[in-house]
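Here's a quick tour of one chain and the partner it touches. Have the model open as you read.

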Amino acid sequence: MAGLWWPARPAAGALRAWAPRGPHRGKTAKVPRRPLPRTPWTTRGPPPGAPLPRSWQDKRPVQEQIPGLEQVTYAGKQYFVPWLARPRLPRWERGWHDPRHSPGPRYEAMPLYKERVCYVCHQRTKMLEGVRQALWLTKTKLMEGLPPKVLSIIDEPANQLENEDERVQNAISHARVWITTELIPKRESYCPVLLEDLLHLCRTMASKYPSLSKRMLARDYKVAAAWERESSILQVRGMNGILLNAINPLLPVASKDEILATENHILETFHPISPTIDLQEVNVYEERHDTGFREGYPYPHPHTLYFVESANVRPVRFRPEQLRAKMLMFAFGNALAKAKVLYGDDPKVLEHPVVVQSIGTEGRIFQFMVFQLNTTDLASSDGVKNLVWIDSDQYMYDYIRYLPGIRKKVVKFPPGIYGYRPDTFKKFLALYLHGAVQDSTQTQIL
Amino acid sequence: MAAPRGWRLAGQGCCRLLHTERSAAPPPPLYPPVVASHTAKSKSAKRRRLEYFYQQVHEAPSIAEKLRLYGRLQRLKYVVYPQTFSLNADRWYQSFTKTVFVPGLPPAGAQPAGPGAPDLSELRSLACDALLQEHFYQRKRERPFLYREQQHVPGPFLTQLVSSLSAALGSSNPLLATSCLDLKPQVNFYWERGETVVCRGYRTGRIDPVRFQIDDEPLIQIRVPKQLPEFVPLDYSVPGEVPVINHKPDKLPLFKRQYDNKIFIGSKVADPCSYGHTQFHLIPDKLKRERLLKANLADQIEVTYRANGIASLFAWTAAQAMYQGFWCEADVTRPFVSQAVISDGKYFAFFCYQLNTLALTVKADQNNPRKNICWGTENFEEYGTRNHFFLPSLRILCAPLL
């Protein structure tokens with residue numbers, strides 16, 4: 001009763017009070033070492049003749065320093081004793097090939113193994129340089145803001161829903177507040193619901209424009225596209241987002257002059273970082289092009305890709321820059337796969353550019369993108385480049401208040417949406433209506 | 001002067017005072033009212049506590065507060081699963097929910113004719129496109145994972161079908177144009193029906209209502225801001241009886257758990273779309289047709305569809321009624337109507353439900369002639385080798401959406 005028989009505080013440097021003993025001794029998570037204190041030795045290095053401090057000396061294992069010395073293990077005893085070392089026993093061989101317990105062939109033995117490495121961009125690739133890196137990889141020129149053709153659809157008063165603001169705010173409240181019996185829903189539940197609600201609102205415009213009903217959504221589809229870019233093979237593979245397919249392709253957004261003017265544009269590099277950083281390097285691959293759908297699909301042309309970034313945990317979630325880069329890569333991948341299917345595998349400048357739109361959101365902030373594929377000749381950095389228009393970081397609302405703010409027993413801040421901006425949904429709707437609407441400024445582009 | 005004062009008091013109490021006008025209000029009582037105890041272990045005390053509880057719920061300032069008070073007390077309750085493998089579950093569920101099952105569809109109202117009528121061939125092509133996309137054109141894994149076949153093709157097909165059909169029918173039906181589409185929403189309902197004696201625990205021997213909870217997750221749900229019109233009048237006498245089962249629900253089998261008593265239609269009370277239109281359910285992998293046939297339970301195929309329809313629709317319509325302020329002591333004054341389509345991707349069954357009464361507790365059900373009605377079709381193939389691909393059932397499929 002006078003004092004505790006076990007130490008109340010763990011030893012200095014120990015991460016936890018209890019650590020496993022026996023064969024698993026030392027296997028807990030170690031305390032990360034703090035940065036070294038700033039002394040003349042640590043900033044400038046030790047003087048030439050001085051002996052190194054103990055922690056900087058080259059520590060080789062005892063077996064290397066004293067040859068012939070072997071660890072005494074309990075292998076001979078055939079049972080564990082705590083004062084002898086753990087033996088390194090040879091790996092047990094089954095003796096026969098069991099397909100359910102075999103590790104599989106090595107990479108070098110696989111039929112699709114190639115010496116030359118290929119860089120793959122998939123849906124979890126977070127690129128370091130973001131949009132700049134994606135622009136270099138896809139040989140694209142960036143234009144800020146949405147193209148004037150799409151902006152003119154926004155300005156047309158006939159392209160608006162009835163009670164648009166009220167319905168959009170209901171959709172936001174539904175996704176953010178009303179969807180669960182708890183007070184605050186998680187991002188994994190509210191983000192896809194918000195996108196579905198907005199898409200449902202856009203689909204109600206089919207009564208005004210019947211060609212809108214000739215579209216089909218595809219979820220969980222896989223795209224494959226491969227190209228060569230200055231002696232690196234690049235690929236875009238895998239499931240990406242929700243794709244809206246249409247019967248008719250989108251008309252090119254940029255004029256021929258603008259496309260030819262991109263020849264003078266120089267792609268931005270970021271030496272010393274390699275443009276293929278953060279892409280997965282694979283040696284076993286197959287270069288193929290696949291839109292995700294078979295031949296004869298009644299809705300062959302990709303129209304818009306919707307990306308939902310709904311990870312609950314912030315480190316896992318894509319930052320806006322990385323989300324824009326992912327949108328660009330996959331829009332390019334879909335456009336390239338479609339171009340190869342339509343115009344063949346030869347790299348050339350396309351007569352009829354392929355346009356794919358892309359919208360990405362994490363529940364509050366929207367990124368809009370219109371990508372036009374002008375050329376499939378991507379090996380060199382000269383010549384005609386592709387074009388992309390990006391409208392980044394469009395806030396649909398500032399924040400949601402779940403509980404009323406009460407000051408001195410008076411409700412000062414009622415619960416609801418704060419800072420709603422109607423322009424964001426207008427752009428969303430304009431990108432949806434693009435291709436089905438004859439806008440007023442449509443001129444002969446080709 | 002005690003005697004004249006006492007006579008006067010007695011005269012005021014027992015004698016009728018003729019030839020006097022009641023000009024003033026009767027004097028306030030001198031003693032508080034004599035009522036039963038609040039905390040005693042007696043039937044009258046229990047009755048008084050119940051009355052107090054009912055009064056509190058009646059006087060709740062808002063619907064959310066009413067729902068909170070209604071489900072505040074947590075006790076062990078039977079968890080009813082709409083998609084269940086239990087044998088003959090539809091008769092049990094009918095007895096729990098006081099529902100009469102009528103085969104076939106309800107008497108249809110006048111179909112909208114004229115320019116607003118939907119073009120069935122266009123809808124048929126949309127449906128065919130959705131079917132072909134999921135089954136053939138979109139490249140998917142050859143073999144889905146174990147017990148995930150329903151999510152692989154039939155689930156996306158139904159989702160695509162419903163979203164494109166509701167968008168296409170929005171022009172002819174203004175209600176659908178203002179509807180809200182939910183994917184995999186939560187639908188919950190909690191109610192009490194019948195009485196039983198508590199058999200173990202510290203409350204042994206007391207008479208308790210039998211409590212039920214449904215936690216359902218339909219594949220897709222359409223909610224609308226205006227209520228659907230009733231199929232039959234509120235006090236319509238249905239030809240059919242509610243099955244009476246003289247066994248405890250444990251025999252079904254049904255198991256008890258204690259947790260939050262949730263009442264939810266898919267979104268909170270503040271949502272303007274607080275009435276239901278149609279639900280779409282997908283039969284799970286463990287209750288598929290092939291598995292039931294292999295287990296020699298061919299007659300239970302219809303039963304699974306019916307049980308799912310009755311339970312899901314009862315939970316949804318009753319939750320909608322509670323969102324409007326009705327509950328077992330304040331019965332509905334207008335019928336609540338919803339529809340459901342239940343399928344396993346190939347075979348479809350259509351159900352319509354009309355909620356006429358929420359008063360299912362023993363006390364409220366004593367003089368209650370009203371019954372809930374569920375109309376349901378048999379399940380039949382939507383598409384196959386027949387030449388009239390889709391057409392007759394598409395008409396029925398679109399009828400709920402109109």
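## Chain B on its own

How many helices and strands are there in chain B? The count is 11 helices and 12 strands, taken as DSSP runs (H or I, at least four residues, for helices; E, at least two, for strands) numbered from the N terminus.

This is a predicted model, where local features need pLDDT of at least 70, side-chain atom pairs count only at pLDDT 80 or more, and totals for chains, interfaces and linings use all residues. Residues are numbered from 1 along each chain as its sequence is written, chains are lettered from A and ligands numbered from 1 in the order written, and side-chain values use heavy atoms, leaving out hydrogens and water.

Of the 402 residues in chain B, 49% are buried (under 20% relative accessible area, 1.4 Å probe, protein chains only).

## Where chain B meets chain A

The contact (heavy atoms within 4.5 Å) draws 30 residues from chain B and 33 residues from chain A. Together they bury about 2700 Å², with carbon and sulfur atoms giving 55%; that's the accessible area (1.4 Å probe) the two parts lose on being put together, summed over both. B:Tyr137, B:Arg139 and B:Lys268 supply 25% of what chain B buries here, more than any other three residues.

## The salt bridge

The interface has 1 salt bridge (a side-chain nitrogen of Lys or Arg within 4 Å of a carboxyl oxygen of Asp or Glu). B:Arg139 and A:Asp290 form it, at 3.6 Å, N to O.

How values were computed
Buried means under 20% relative accessible area, exposed over 50%, partly exposed in between (1.4 Å probe, protein chains only).
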